[in-house]
Amino acid sequence: MTEKIFELNDVHFSYLGKFPALQGITINVERGELVTVIGANGSGKSTLLQLLDGLIFPDRGRITAFSEELSEKLLNNEAFSRSFRKKVGLVFQDSSIQLFCPTVEEDILFGPVQLGLPEPDIRRRLNQLTELLGIQELLSRSPHRLSIGERKKVAIASTLIGRPDVLLLDEPTAGLDPATTRHIIEILIGFHRQGKTLVISTHDLNLAEELGGTIHVFGHEKRIVASGKTEDILKDEALLQDNNLTHSHIHRHGGSLHSHPHSSATHHQQHDL
Amino acid sequence: MFTSNAFIERTIISALAFLKESVFAEEIAGRRGLLQLIEPRTRVIAIMGLILLTLLVKNIQLIWLIYALCLALAAASRIDLVYFLQRTWIFIPIFSLFIVLPSLFSAFTPGEALLTWKMFGLALTITRPGLLGAVLFVSRVTTCVSLAVLLSLTTRHFELLKVLSVFRLPAIYVMTLGMCYRFIFVFVETVEHTYLALKSRAGSRLHYRSGQRVVAWNIGNLWLRSADLSEEVFKAMVARGFNGEAR
């Protein structure tokens with residue numbers, strides 16, 4: 001029987017009590033599942049991840065994590081908070097915000113030090129991770145002197161070092177060059193193969209297609225408008241276009257102009273024909 | 001760029017210069033010079049000791065000896081001496097010279113007259129004790145400033161923060177100082193981007209009234225962004241297990 005990691009039931013959230021960010025979200029995330037949340041800018045994806053990470057709390061509805069209802073009171077309980085933070089890691093969309101320490105090394109070590117992990121374990125994990133991500137040379141640098149791609153890798157390292165069972169990633173490949181994107185996708189796929197649970201928000205359909213798994217589409221009304229297997233959802237051109245996830249793409253084939261919706265799945269299928 | 005209101009542009013350029021300067025200073029701290037190879041805590045304690053000694057001794061020759069040692073250490077630490085002298089002599093020693101100027105004269109420091117001249121019917125006399133006191137003061141300020149600059153150039157800011165914890169400063173203060181330093185760069189970058197965006201759209205000249213309005217709006221905007229940023233950073237800290245107590 002599958003174990004539910006998160007259960008969201010009719011979750012509503014608004015900023016300052018008047019700007020709705022999520023309306024009536026009901027989804028489940030099971031252990032070992034790979035869930036991708038896609039939607040246009042401002043559709044509520046980041047808010048959802050912050051709710052799952054217990055950083056903000058719903059105005060209405062329930063979020064259950066590891067069979068306990070997430071609430072501010074529960075997260076203020078030190079024992080629960082420590083256990084929850086060890087199990088769940090969030091990579092923020094803006095790495096500049098996530099990296100707040102004077103050096104890269106201190107930033108990566110911040111989480112495990114706060115959670116009181118033994119020093120030798122922390123050092124061993126640091127060595128493994130920096131090698132995996134190819135960031136050994138960056139350890140003594142200041143985060144402000146890193147490129148966007150380097151910052152993103154360091155932000156991922158700072159979350160992975162806690163070895164969370166559940167990894168929440170907010171736009172993990174946004175603004176990255178193709179080589180860095182490729183490297184990060186491979187790391188995420190490897191992480192999922194180890195049996196970890198991943199919830200990823202993106203509007204990059206190539207990334208969603210490559211990762212596979214379950215997909216939820218967020219619409220303009222800050223609600224989920226469709227859910228299902230990635231391959232089925234990405235075939236639904238009307239759905240993607242209605243929700244600003246594809247656009248008409250015109251390019252030249254030989255001497256004539258050719259137009260089709262620009263989504264990863266449809267794009268590849270049309271070119272294969 | 002801002003006609004009749006160059007102070008705004010100068011402020012922005014100074015903010016950007018701070019960024020470049022700090023990057024250059026970090027490059028010096030990374031060189032393989034004499035001081036850079038010494039363990040940071042030892043380095044800080046040794047230089048602080050020299051500063052204390054300079055403040056306590058009254059023998060000018062000894063202070064000059066410490067200053068000569070400071071210059072030798074700067075050279076051995078692969079710091080360009082012209083750059084070092086520019087950094088250490090431009091402001092504080094020159095200001096200290098102005099401060100000490102009145103004490104040269106017999107009206108404030110009586111004693112053996114060295115030089116006397118008349119100006120607007122007043123006899124001005126520089127006395128030996130006045131001159132010696134002024135030289136001692138300026139030498140002391142210059143040596144202390146030079147040692148402090150030498151320490152800051154050869155030590156990365158995070159190493160200085162680590163040294164603070166050796167002096168038993170609570171971890172939360174050290175962490176807050178480190179984060180302040182880190183986010184100064186985020187804001188300086190924001191100022192730089194705003195300045196470049198303005199320059200690209202307004203060309204090389206902007207009426208000072210428009211300039212003032214744009215700058216005032218951006219100051220307010222930066223303030224709001226800093227409030228948002230602090231909230232986001234706090235969330236990022238909580239997400240990684242921070243519970244209000246720095247470790």
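**Entry 1. Strand S7 of chain A**

I took a residue as buried if 20 or more other C-beta atoms lie within 10 Å of its own, as exposed if 12 or fewer do, and as partly exposed in between, with C-beta atoms placed from the backbone. Five of the five residues of S7(A) are buried, so the strand is largely enclosed by the rest of the structure. In a regular strand the side chains alternate between the two faces of the sheet.

I note that this is a predicted model, in which local features need pLDDT of at least 70 and side-chain atom pairs count only at pLDDT 80 or more, while totals for chains, interfaces and linings use all residues. Residues are numbered from 1 along each chain as its sequence is written, and chains are lettered from A and ligands numbered from 1 in the order in which they are written. Helices (H or I, at least four residues) and strands (E, at least two) are DSSP runs, numbered from the N terminus.

**Entry 2. The six-stranded sheet of chain A**

I then placed S7(A) in its sheet, which is open, has six strands in the order S6-S7-S8-S3-S9-S10 (chain A) and shows mixed pairing. I counted two strands as paired if DSSP finds at least two bridges between them. The edge strands are S6 (88-91) and S10 (224-229) of chain A, each of which pairs on one side only. From one strand to the next the twist averages 15 degrees; axes are lines fitted to C-alpha atoms, for helices over the stretch in contact, and angles run from 0 to 180 degrees between N-to-C directions.

S7 (residues 166-170) and S8 (residues 197-202) of chain A are parallel and share five bridges. Here A:Leu167 has A:Leu198 of S8(A) as its bridge partner, and A:Leu169 stands opposite A:Ile200 in S8(A). S6(A) and S7(A) are also parallel, with four bridges; A:Val88 is partnered there by A:Val166 of S7(A).

**Entry 3. The nonpolar cores**

Which residues have the most contacts inside the largest nonpolar core? I found A:Val154, A:Ala157, A:Leu168 and A:Val199 in that position, in a core of 70 residues. A nonpolar core is a set of buried Ala, Val, Leu, Ile, Met, Phe, Trp, Tyr and Cys residues joined through C-beta atoms within 7 Å. Apart from this core lies another, of 23 residues, including B:Ala29, B:Ala74, B:Leu150 and B:Val163.

I listed the contacts of A:Val154, leaving aside its neighbours within four places in sequence: among them are A:Leu99, A:Val104, A:Ile108 and A:Ile135. Two residues are in contact if their C-beta atoms, placed from the backbone, lie within 7 Å.

**Entry 4. The four-stranded sheet of chain A**

I looked up a further open sheet, of four strands in the order S2-S1-S4-S5 (chain A), with antiparallel pairing. S2 (19-30) and S5 (68-69) of chain A stand at its edges with a single partner strand each, so one side of each has no neighbour in the sheet. S1 (residues 4-15) of chain A and S2(A) run antiparallel and are joined by eight bridges. A:Tyr15 has A:Phe19 of S2(A) as its bridge partner.

**Entry 5. Chain B and its domains**

I found ten helices and two strands in chain B, in the sequence pattern α-α-α-α-α-α-β-β-α-α-α-α. Of its 247 residues, 23% count as buried.

The domain assignment, automatic or from a database, gives chain B domain 1 (1-30 + 161-247) and domain 2 (31-155). Seven residues of domain 1 of chain B are in contact with ten residues of domain 2 of chain B. On the domain 1 side, H1 (6-29) and H8 of chain B each supply at least two residues.

I also checked B:Phe91, in the loop between H5 (81-89) and H6 (92-100) of chain B. B:Phe91 counts as exposed, because it has 10 C-beta neighbours inside 10 Å.

**Entry 6. The contact of chains A and B**

How many residues does each chain give to the contact? I found 22 from chain B and 25 from chain A. H8 (157-166), H9 (171-202) and H10 (208-239) of chain B each give two or more residues to the chain B side. H10(B) gives the most, with eight residues. The chain B side divides into 13 nonpolar, four polar and five charged residues. Ala, Val, Leu, Ile, Met, Phe, Trp, Tyr, Cys and Pro count as nonpolar, Asp, Glu, Lys and Arg as charged, and the others, Gly among them, as polar.
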